[in-house]
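Here are some notes on the model you asked me to look over.

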Amino acid sequence: MLLLKELPTSKSLERFVQRYPQTDISAISDFVALLRAAADISDALDKLLGKHDLLQGRWWVLVLLMRQEDFTSSPSDLAEKAGVTKGTMTGFIDGLEREGLVTRLINNDDRRKFLIRLSAAGLQKLDEVMPDYIDKVKLLMDVLSKSQRDVLISHARTLAEHVDVMK
């Protein structure tokens, strides 16, 4: 994903209006600022997880497995919940399995299918990372009051519900 580090200036946006008269400078500026903030937050999460030798994709797989009562899920369910392709999920699972953080279980009813289970080492990894993650997320979110966060999340959900207008 490539996102501009430098947000557009008023002057540069005015040039867009000259070329594309329908341009709503405020909408473009706000949209790019929102993308930039999301990218910065994602980058900060990458750095936090990197200190623990994890990447976001694999982190979220561990978290998704931990959310299951028996720490077990199918690769296709994990892919759907993570919003990635089955191929991408296979790559995450392969890496986690190599590190011993998950195990593959053969489905006795259909040996072509298998399940993924969070291993004891995977749970231990979560136990090591989660306190740092929780503390850092709290520090970041505490820069906003609870009412500001409620408004932010409400607006973010509204945007997410209407994202299909961009397709």
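**Notes on the model**

1. *Thr72, placement.* Thr72 sits in strand β1, which spans residues 72-73. Please bear in mind that this is a predicted model. Thr72 counts as buried, because its relative accessibility is 8%, under the 20% cut-off.

2. Leaving out residues up to four places away in sequence, Thr72 touches Leu65, Leu105, Leu115, Ile116 and Arg117.

3. Phe71 has a positive phi of about 60°, although it is not a glycine. Most residues other than glycine have a negative phi. Phe71 lies in the loop between α3 and β1. Its relative accessible area is 29%, so Phe71 is partly exposed.

4. *Asp53.* Here is another backbone to check. Phi of Asp53 is positive, near 60°, and the residue is not a glycine. Asp53 belongs to the loop between α2 (25-50) and α3. Is Asp53 buried or exposed? Asp53 counts as exposed, because its relative accessibility is 62%.

5. *α3 against α5.* Helix α3 covers residues 56-67 and helix α5 covers residues 86-98. The two pack at an angle of about 80°, with axes 10 Å apart. So α3 is roughly perpendicular to α5. From α3, the contact uses Gly57, Arg58, Val61 and Leu62. From α5, it uses Met89, Phe92, Gly95 and Leu96. By class, the contact residues divide into five nonpolar, two polar and one charged.

6. *Salt bridges, overall.* How many salt bridges does a search of the whole structure find? The search finds ten. Side chains of opposite charge can pair when their charged atoms come close. Lys51, Asp132 and Lys136 are linked in a network of salt bridges.

7. *Arg36 and Asp40.* These two form a salt bridge, with the closest N and O atoms 2.8 Å apart. Both residues lie in helix α2, four residues apart, about one turn of the helix. Arg36 counts as buried, because its relative accessibility is 11%. Asp40 counts as partly exposed at 33% relative accessibility.

8. *Lys146 and Asp150.* The side chains of Lys146 and Asp150 meet in a salt bridge at 2.8 Å, N to O. Both belong to helix α7, residues 146-161. They are four residues apart, so about one helical turn separates them. Lys146 is exposed, with a relative accessible area of 53%. Asp150 is partly exposed, with a relative accessible area of 40%.

9. *Glu97 and Arg104.* The salt bridge between the side chains of Glu97 and Arg104 has an N to O distance of 2.7 Å. Glu97 counts as partly exposed, because its relative accessibility is 32%. Arg104 is partly exposed too, with a relative accessible area of 28%.

Definitions and conventions:
Residues numbered from 1 in each chain as written. Predicted model: local features only at pLDDT ≥ 70, side-chain atom pairs only at ≥ 80, totals over all residues. Heavy atoms only, no water. Axes fitted to C-alpha atoms, helices over the stretch in contact; angles between N-to-C directions. Parallel < 35°, antiparallel > 145°, perpendicular 65-115°, else oblique. Contact = heavy atoms within 4.5 Å. Nonpolar A, V, L, I, M, F, W, Y, C, P; charged D, E, K, R; others polar. Buried < 20%, exposed > 50% of the residue type's maximum accessible area, 1.4 Å probe, protein only. Salt bridge = Lys/Arg side-chain N within 4 Å of Asp/Glu carboxyl O.
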